[in-house]
Amino acid sequence: MRNRLCSHSSYPWSMRLFAVVLTCMDGRVQVKGNNYFSTTFGARNIDTVTAPGMVKYLADATERTSQILSDLRISIHEHGSAQIGVVAHADCAGNPVPDSTQKRQVSEAVAFLRTEFPGAEIAGIWVSEHSIVERIL
Ligand SMILES: [Zn+2]
């Protein structure tokens, strides 16, 4: 299926078809984060797993964490995603903690995901209130 799609695509062969981003449900940051990781990872399509204040579920395991990982595995196993982006942002309604705490959570989330998916390329960003992307890890 993937080869058939590639052969009819105008995209370079070297460009990956899928990467996956774990991000907040907040509409202000999804496009920003997806565009950042599409460019950074060289991926044509970005699968997106969302939750309000996503990083808090990855920094500290909760009931929701297993569902997020289950959603993530669909992208990895069915779309062949080998790159995972993590996004947190300022003024997060789902995770109303200081910016410094959010940035630490991004680091912890990336570390957690690297343990869960050791073969994947994983990076994390934080988006400021002015929509500036800061690479955390
Ligand atoms: Zn948020």
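Helices (H or I, at least four residues) and strands (E, at least two) are DSSP runs, numbered from the N terminus. Residues are numbered from 1 along each chain as its sequence is written. Because the model is predicted, local features need pLDDT of at least 70 and side-chain atom pairs count only at pLDDT 80 or more, while totals for chains, interfaces and linings use all residues.

Strand β3 also pairs in the parallel sense with β1 (residues 16-24), over 3 bridges, and there Val-20 has Ile-84 of β3 as its bridge partner. Since 7 of the 7 residues of β3 are buried, this strand is largely enclosed by the rest of the structure; buried means that 20 or more other C-beta atoms, placed from the backbone, lie within 10 Å of a residue's own, and exposed means 12 or fewer.

The buried residues of α5 are Gln-102, Gln-105, Val-106, Ala-109, Val-110, Phe-112 and Leu-113. They cover an arc of only 165° around the axis, which puts them on the same side of α5, the arc being that of the directions from the helix axis to the C-beta atoms. The face turned away from this buried side carries the exposed residues Ser-100 and Thr-115.

Terms used. Two strands pair if DSSP finds at least two bridges between them.
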